[in-house]
Amino acid sequence: MTAAEFALLVLAGIGGGLTGSIAGLASLVSYPALLAAGLPPVAANVTNTVALVLNGVGSVSASGPELRGQGRRLLRLTGGAVLGGAAGAALLLLTPSDAFERIVPWLIAGAAVALLVQRPPRELAERGAAAHPTHRDPWWLPLAVLAVAVYGGYFGAAAGVMLLALFLLSTGEGLAVGNALRNVVLGAANLTAAIGFAVFAPVAWSAALPLAIGLFVGGRLGPRVVRRAPQTLLRRLIGLAGLGLAVHLAVQAYG
């Protein structure tokens with residue numbers, strides 16, 4: 001690891017962490033940076049997942065106002081995320097991903113379209129709105145989180161966009177709270193998968209360290225941006241970015 005590669009990964013981590021904590025697209029920046037640093041695809045994938053744990057730590061630590069009073073809800077949701085993350089990591093280590101790569105663009109596109117077409121609840125449209133005390137999550141939400149977490153542990157690309165769309169569509173929360181919930185749940189899934197990868201997979205620790213440093217810094221900045229940015233505009237930008245990633249992955253899978 002040269003000094004230039006170290007600096008590249010720190011900067012990519014900052015960009016990826018900011019992107020990830022706002023839009024759930026951290027891997028769009030961090031994964032190509034690992035490839036540019038010379039890692040083969042499998043090692044880059046698992047190293048990226050390990051480093052993303054620090055993105056979750058940074059974004060969650062900066063989301064205190066949005067997470068206040070969410071303890072019981074998060075306990076239910078993170079249970080599904082832990083189980084799904086473990087299952088996804090095991091699938092990645094035991095099975096080829098070629099067939100699944102053809103399904104991924106459609107999943108991402110569906111989540112992105114949901115973000116674009118869903119209208120935010122009127123009472124939560126104002127910037128910085130907190131969780132509404134009467135909101136009740138559907139009974140199936142932890143199961144849906146488990147399914148997305150399996151995907152996240154297995155492939156990872158835009159799992160955050162899928163979770164954000166899921167929470168906004170099913171809970172009635174605004175973007176700031178939905179984003180904070182997403183960061184906690186995705187962080188739990190990544191942590192679970194990362195533990196498995198650290199034991200059983202070829203993690204490049206010399207690359208994971210600088211990337212994780214940058215991801216933590218970027219993760220700390222993201223919630224503040226979400227808190228202050230125009231919510232409708234930000235939702236559209238996230239949706240468009242998700243659609244762009246879906247098209248890119250579709251070209252790779254079907255080209």
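Me: What is the average pLDDT of the protein?
Reply: This is a predicted model, and confidence is given for each residue on a scale from 0 to 100. Of the residues, 90% score at least 70. The average pLDDT of the protein is 83.

Me: In which helix is confidence lowest, and in which is it highest?
Reply: Confidence is lowest in helix α6, residues 98-101, where the mean is 62. At the other end, with a mean of 92, confidence is highest in α11.

Me: How many residues are in the largest nonpolar core, and which element gives the largest share?
Reply: The largest nonpolar core has 46 residues, and those with the most contacts inside it are Ile 108, Val 145, Leu 163 and Phe 167. Elements giving two or more residues to this core are α1, α5, α7, α8, α9, α10 and α12. The largest share, ten residues, comes from α10.

Me: Which residues is Val 145 in contact with, neighbours within four places in sequence aside?
Reply: Val 145 is one of the residues with the most contacts inside the largest core, as are Leu 163 and Phe 167. With neighbours within four places in sequence left out, the contacts of Val 145 are Leu 77, Gly 80, Ala 81, Leu 163, Leu 166, Phe 167 and Val 185.

Me: How many residues does helix α7 have, and which of them are buried?
Reply: Helix α7 runs over residues 104-117, which makes 14 residues. From first C-alpha to last it reaches 20 Å, close to the 20 Å expected at 1.5 Å a residue. The buried residues in α7 are Val 104, Pro 105, Ile 108, Ala 109, Ala 111, Ala 112, Ala 114 and Leu 115.

Me: Which residue forms a salt bridge with Glu 66?
Reply: The structure holds four salt bridges. In the one formed by Glu 66, the closest N and O atoms are 2.7 Å apart, and the partner is Arg 227. The pair links distant parts of the chain, 161 residues apart, with Glu 66 in helix α4 and Arg 227 in helix α11.

Me: Why does the salt bridge of Arg 73 and Asp 137 tie together parts that are 64 residues apart in sequence?
Reply: The side chains of Arg 73 and Asp 137 meet at 2.8 Å, N to O. Arg 73 lies in helix α5 and Asp 137 in the loop between α7 and α8, so the pair joins parts 64 residues apart in sequence. The elements tied together are thus helix α5 and the loop between α7 and α8.

Me: Is Arg 76 buried or partly exposed?
Reply: Arg 76 forms a salt bridge with Asp 137, the closest N and O atoms being 3.8 Å apart. Salt bridges that share partners join Arg 73, Arg 76, Asp 137 and Glu 173 into one network. Arg 73 is buried, with a relative accessible area of 8%. Because its relative accessible area is 45%, Arg 76 is partly exposed.

Me: How far apart in space are Leu 28 and Ala 241?
Reply: Leu 28 lies in helix α2, residues 27-36. In sequence, Leu 28 and Ala 241 are 213 residues apart. In space, their C-alpha to C-alpha distance is 9.8 Å.

Terms used
Residues are numbered from 1 along each chain as its sequence is written. This is a predicted model: local features need pLDDT of at least 70, side-chain atom pairs count only at pLDDT 80 or more; totals for chains, interfaces and linings use all residues. Side-chain values use heavy atoms; hydrogens and water are left out. Helices (H or I, at least four residues) and strands (E, at least two) are DSSP runs, numbered from the N terminus. The expected span of a helix is 1.5 Å times one less than its number of residues. Buried means under 20% relative accessible area, exposed over 50%, partly exposed in between (1.4 Å probe, protein chains only). A nonpolar core is a set of buried Ala, Val, Leu, Ile, Met, Phe, Trp, Tyr and Cys residues joined through side-chain atoms within 4.5 Å. Contact means heavy atoms within 4.5 Å. pLDDT is the predictor's confidence in each residue, from 0 to 100.
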